[in-house]
Amino acid sequence: MTLKLIWQKIAAKLHALVLVMSVILVCTSPWVLMGRQLSENAGFWSLFHVYGGLITACLALLFAIKICFKGQWRQFFPWLLLDFNPLKIDLVGIVKGRTPMSGGKGLLSIVEGIGIILLLLVAVTGVIWYFVDLGDALTWRSYHQIFAQCFIGFMIIHLLLGLLHIKDFFD
Ligand code: HEM
Ligand code: HEM
C-alpha cells in the first residue's frame with residue numbers, strides 16, 4: 001500500500017476517532033485527579049486521560065493538517081482572509097428561519113475551524129503540563145482546564161448545529 005493510500009484511510013476516520021476520544025476524555029474527566037503530576041498510584045481514568053490524551057493530541061494534529069490540506073484552510077478559517085460574507089448570509093438566513101448549509105465558508109465551517117483550534121490548545125496545554133517542572137504544572141493545568149471548558153462549549157454548539165441538519169433532513 002502506498003503512503004498516500006494509508007493517509008487516505010486514516011484521514012477518512014479522523015473525525016470519528018477524534019469524536020470518540022474527546023467524548024470519552026471529557027465525560028471521564030470528573031474521575032481524573034492529578035494536580036502537579038501523574039502519581040504512581042494514579043487511578044485508571046487518570047492513566048487513560050494522560051496516555052489517551054497524548055494519542056488524541058496526535059490525532060488532533062493530523063485532523064488539523066487534514067482540514068488545512070490543499071487550500072482547505074480557506075474554508076475553515078475564512079476570517080484569516082477577512083472573508084465574512086458567507087457568515088453574514090448564514091446569520092441573516094437563520095433570522096429568517098433558514099438552516100445554514102455545510103461545506104462552504106459559512107457558520108458551520110467557521111465553528112468547526114474554531115473547534116480544531118480549541119482542541120489543539122487543549123492538547124498542547126495538556127502535553128506541556130506533562131513535560132514542565134512541578135513548579136509550573138499547576139499553571140498549565142489551569143490553562144488546560146480553561147481551554148477544555150471552551151472546547152466542551154464548542155462540542156455542544158457543533159452538536160446542536162448537526163442536529164439542526166438532521167431535523168432538516170426529515171422536514
Ligand atoms: C486532547 C484531548 C484532551 C481533552 C479533550 C481533555 C479534557 C480534559 C477535561 C474536560 C478536563 C477537566 C477540566 C476541568 O476540571 O474543568 C481535563 C483535566 C486535565 N487534563 Fe485533560 N484533556 C485532554 C488531553 C490531556 C493531556 C494530553 C494531558 C496530559 C498529558 C491532560 C492532562 C490533564 C490534567 C492534568 C487535568 C487536571 C486533572 C486534575 O488534576 O483535576 N489532558 N482534561
Ligand atoms: C459531539 C459529537 C460530534 C458530532 C455529533 C459531530 C458531527 C459532525 C457532522 C454531522 C459534521 C458534518 C457537518 C458538515 O459537513 O459541516 C461534522 C464535521 C466536522 N466536525 Fe464534528 N461532530 C462531533 C464532534 C467533533 C469534534 C470533537 C471535533 C473536533 C474538533 C469535530 C470537528 C469537526 C470538523 C473539523 C468537521 C468538518 C470536517 C470534516 O467533516 O471532517 N467534531 N461533525
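Student: Where is the place of Val 26, please?

Tutor: Val 26 lies in helix H1. Helices (H or I, at least four residues) and strands (E, at least two) are DSSP runs, numbered from the N terminus. Please note that this is a predicted model, in which local features need pLDDT of at least 70 and side-chain atom pairs count only at pLDDT 80 or more, while totals for chains, interfaces and linings use all residues. Residues are numbered from 1 along each chain as its sequence is written, and chains are lettered from A and ligands numbered from 1 in the order in which they are written.

Student: Is Val 26 buried, exposed or partly exposed?

Tutor: Val 26 counts as partly exposed, because it has 15 C-beta neighbours inside 10 Å. A residue is buried if 20 or more other C-beta atoms lie within 10 Å of its own, exposed if 12 or fewer, and partly exposed in between, with C-beta atoms placed from the backbone.

Student: And how far apart are Val 26 and Ile 152?

Tutor: They are 126 residues apart in sequence, yet their C-alpha atoms are 7.7 Å apart in space.

Student: What about the whole protein: how many helices and strands are there?

Tutor: The secondary structure comes to 6 helices and 0 strands. From the N terminus on, the order is α-α-α-α-α-α. The C-alpha atoms fill a box of roughly 55 × 45 × 35 Å along the principal axes. Of the 171 residues, 19% are buried.

Student: What share of the contacts joins residues 24 or more positions apart?

Tutor: Such pairs account for 62% of the contacts with a separation of 6 or more. Two residues are in contact if their C-beta atoms, placed from the backbone, lie within 7 Å.

Student: Next topic. At what angle do H1 and H2 pack?

Tutor: Their angle is about 145 degrees, and their axes are 9 Å apart. Axes are lines fitted to C-alpha atoms, for helices over the stretch in contact, and angles run from 0 to 180 degrees between N-to-C directions. H1 passes H2 in a left-handed crossing. A crossing is left-handed if the near helix is turned anticlockwise from the far one by less than a right angle, and right-handed if clockwise.

Student: Which residues meet there?

Tutor: On the H1 side they include Leu 14, Val 18 and Ser 22, and on the H2 side Phe 48, Gly 53 and Lys 66 are among them. By class, this contact has 13 nonpolar, 6 polar and 1 charged residues. Ala, Val, Leu, Ile, Met, Phe, Trp, Tyr, Cys and Pro count as nonpolar, Asp, Glu, Lys and Arg as charged, and the others, Gly among them, as polar.

Student: How do H5 and H6 cross?

Tutor: Their axes come within 8 Å and cross at roughly 155 degrees. H5 is therefore roughly antiparallel to H6. Angles under 35 degrees count as roughly parallel, over 145 as roughly antiparallel, 65 to 115 as roughly perpendicular and the rest as oblique. The crossing of H5 and H6 is left-handed, and the residues of their contact divide into 19 nonpolar, 5 polar and 2 charged.

Student: Now the ligands. How many residues surround ligand 1?

Tutor: There are 27, and the closest are Ser 29, Gly 53, Gly 126, Tyr 130 and Ala 148. Helix H1 (3-28), helix H2 (44-68), helix H5 (107-131) and helix H6 (134-170) each give two or more residues to this shell. A residue is near a molecule or strand if its C-beta atom, placed from the backbone, lies within 6 Å of it.

Student: Which helix gives the most to that shell?

Tutor: H2 does, with 7 residues. The shell has 16 nonpolar, 10 polar and 1 charged residues.

Student: And what surrounds ligand 2?

Tutor: It has 16 residues around it, the closest being Ser 22, Ser 102, Glu 112, Gly 115 and Gly 162. H1, H5 and H6 each give two or more, and H5 supplies the largest share, 5 residues. By class, there are 8 nonpolar, 7 polar and 1 charged residues.

Student: One last thing: where is Lys 70 found?

Tutor: Lys 70 is in the loop between H2 and helix H3 (73-76). Its phi is near 50 degrees, a positive value in a residue other than glycine. Lys 70 is exposed, because 7 other C-beta atoms lie within 10 Å.
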